[in-house]
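Hi everyone, thanks for coming. I'd like to walk you through one model today, going from the overall picture down to single residues. Let me put it on the screen.

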Amino acid sequence: MLFCGLCLSAGAHQRMLDSIYRQLDEAIGLSATYVAEKQKAISGLRRRLAAAGSDGERYVLSRQLYDEYMPYVTDSAIVYVQLAATLAERMGRPSTAGECRALLALQCSNSGMFDEAQAVLRMVDPARLDTAALGRYYEACHHVYGELAFYSRVPDMKRLYEQRAAEYGERMLAVLPPESDASIVERERALLNAGRLRESMALNDAWLRQVEPGSHRFALTALYRYLEYKAAGDTVQMMRWIAESALADVRNAVMNQGSMWEIANQLMLQGDNERAYRYVSFASDCANRFGSRVRNWQLSPLLTAVDRNWQLHNGRTTRQLRWMLAAISVLALLVVAMLLYVNRQRRKLADARDELHHSNVQLRDSNEQLRQLNERLSGLNGQLSEANRVKEAYIGRFLRLCSLYIDKMDQMRKRVNKMLKNRDFEELQKLARSVEMKDRELDELYENFDSAFLQLFPHFVDDFNALLRPEERIVLSAKNRLNTSIRIFALIRLGIDDSSKIAEFLHYSVNTIYNYRARVKNGALDNREEFEQRVKRL
């Protein structure tokens with residue numbers, strides 16, 4: 001794993017970096033989603049804390065809330081770790097309370113509140129702490145004095161802080177288990193500072209095996225792997241691991257964005273100012289949300305440097321644009337001279353072209369008139385053909401129905417004659433009173449009408465519904481049968497638009513037909529007054 005970058009070509013290296021940069025850009029674009037997921041988890045814990053019935057349960061939930069807020073919002077992390085310390089004191093657990101205060105000092109130190117961190121540590125009595133809590137206390141002391149040494153500009157104080165940080169680091173390593181993150185970080189940092197990269201990377205390999213890929217712990221592990229490759233001078237692997245670390249932080253909604261700040265710094269040094277500016281701006285937004293003065297101190301020089309690089313780049317671009325503008329101006333003058341020459345030649349052809357254009361306009365007007373006449377004639381021919389087709393189809397249907405009804409009337413005559421002959425007057429009277437035959441014949445008439453109409457106008461129902469608003473459209477219960485509303489407008493399509501004639505055909509009252517027509521027209525998409533005219537054109 002140490003030398004895997006040597007096996008890849010330069011193109012493969014660049015593709016690998018481009019891929020992880022692309023993932024990082026996508027994650028930044030989705031950061032609001034990751035923050036929403038974090039907020040959802042926090043809201044659930046806060047609701048459980050509000051409903052907790054015992055100090056023990058409240059302590060556990062307060063610690064969980066601290067873990068969620070620790071890399072997210074420092075003020076809230078401080079609130080909940082203080083609450084956890086108070087609950088531990090109330091439950092008579094001084095060691096647990098001391099451990100919580102050590103965590104509070106760590107949080108203050110991470111946020112640049114070094115005076116507050118020292119004050120909190122002075123409240124802790126190491127003699128009352130168990131081994132785990134004592135290790136956490138020494139870790140906090142080591143971190144606070146290490147940060148003070150890093151930021152101090154007074155040589156004597158810097159040496160004093162470094163000495164105290166080293167003392168607490170030794171005590172921490174003596175107490176904490178070797179597999180703890182703080183112990184690994186301290187040992188790996190010592191090996192890295194000593195230039196023992198092979199041992200440092202071996203320790204980092206073991207650490208990588210015990211963390212979950214993509215987790216917040218993975219981001220810290222990847223950050224140290226970046227530092228090792230940076231020390232080794234492997235630029236490709238260095239950028240890969242710092243990008244992996246930043247990617248894990250973004251996906252875990254971490255607002256304490258150390259890795260993002262570092263990758264922006266490296267990109268700026270490599271000349272990728274656009275991406276550097278995008279990343280440092282994101283890191284700055286995260287730092288403001290986290291509430292860390294330290295991160296803002298770190299980001300301010302980088303933002304200034306990126307802005308200065310942008311100004312230099314813009315200055316070079318402006319000078320290039322000026323030279324290009326001068327060149328374009330000269331070319332423009334040449335083009336103007338050429339245009340004057342061309343125009344002089346074009347004027348010689350202007351009179352002939354105008355005359356030809358006038359003739360073409362007259363010819364085009366004549367052609368347009370002829371085309372319009374042809375279209376009108378074609379439309380009339382189409383209407384005539386359609387009328388002939390409908391007429392022929394209905395004449396055939398009419399003749400067949402007339403023949404059919406003559407046969408039925410003859411059968412009825414024979415049946416009545418037979419009843420009279422048999423003196424079956426009661427059955428004859430029952431037959432005369434029954435409307436069953438009328439209903440059956442009407443149903444058969446409508447069925448024949450529907451079938452014939454849909455054969456002639458197969459798309460009528462769909463086209464008719466297209467004239468109505470979606471909520472007013474008519475759905476037929478049977479595929480080849482029309483309902484009364486559609487049947488009325490089918491008759492209108494055939495030219496029968498008199499309500500009395502429609503009522504006579506459908507055996508309804510004129511008022512009923514009028515109501516049907518009015519109800520359907522009220523659902524029209526456009527002007528209801530023109531609805532029936534549009535139906536006639538379907």
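Let's start with contacts, meaning heavy atoms within 4.5 Å. Among those in the protein between residues at least 6 apart in sequence, 63% join residues at least 24 apart.

A word on where this comes from: the model is predicted, so to speak of local features I need pLDDT of at least 70, side-chain atom pairs count only at pLDDT 80 or more, and totals for chains, interfaces and linings use all residues. Residues are numbered from 1 along each chain as its sequence is written, and side-chain values use heavy atoms, with hydrogens and water left out.

The protein has 22 helices and 0 strands. Both are DSSP runs, numbered from the N terminus: helices are H or I with at least four residues, strands are E with at least two. Of the 538 residues, 39% count as buried. By buried I mean under 20% relative accessible area, by exposed over 50%, and by partly exposed anything in between, with a 1.4 Å probe and protein chains only. The protein exposes about 31,800 Å², and carbon and sulfur atoms supply 55% of that area. Those accessible areas come from the Shrake-Rupley method with a 1.4 Å probe; for residues, only the protein chains shown count as cover.

Please find A27, in helix α1, residues 10–29. A27 is buried, at a relative accessible area of 2%. What lies around A27, once we leave aside neighbours within four places in sequence? The contacts are Y34, L247, V250 and R251. Take R251: A27 and R251 are 224 residues apart in sequence, yet 6.4 Å apart in space, C-alpha to C-alpha.

That brings us to the loop between α12 (235–251) and α13, where we find A253. A253 has a positive phi, near 55°, and is a residue other than glycine. In general, most residues other than glycine have a negative phi. Is A253 buried or exposed? Buried, at 3% relative accessibility.

Not counting residues up to four places away, S95 touches R128, L129, D130 and A133.

Next, helix α20, residues 499–506, whose buried residues are S499, I502, A503 and L506. Seen down the axis of α20, these fall within an arc of 100°, so they line one face of the helix. The arc here is that of the directions from the helix axis to the C-beta atoms. What do the buried residues of α20 pack against? The answer is α17 (436–456), α19 (484–493) and α21 (510–522). On the other side of α20, K501 and E504 are exposed.

Just after α20 comes H507, with a positive phi of about 60°. H507 is in the loop between α20 and α21, and is partly exposed, at a relative accessible area of 44%.

Now the aromatics. The structure holds 20 aromatic pairs. For a pair, the rings of Phe, Tyr and Trp (its six-membered ring) need centres within 6.5 Å; planes under 30 degrees apart count as stacked, over 60 as edge-to-face and the rest as tilted. Y508 and Y516 make a tilted pair, 6.3 Å centre to centre with 55° between the planes. Y508 itself is partly exposed, at 36%. There is also an aromatic cluster formed by Y446, F449, F453, F457, F460, F464, F489, F505 and F531.

Charges sit over rings as well, which here requires NZ of Lys or CZ of Arg within 6 Å of the ring centre and within 35 degrees of the ring normal. The charged end of R93 sits over the ring of Y59, 5.0 Å from its centre. Likewise, the charged end of R225 sits over the ring of W241, at 5.6 Å from the centre.

Last, the cysteines. How many disulfides does the structure hold? The count is 0, taking a disulfide as a pair of cysteine sulfur atoms within 2.5 Å. C108 is buried at 5% relative accessibility, and C286 is buried at 3%.
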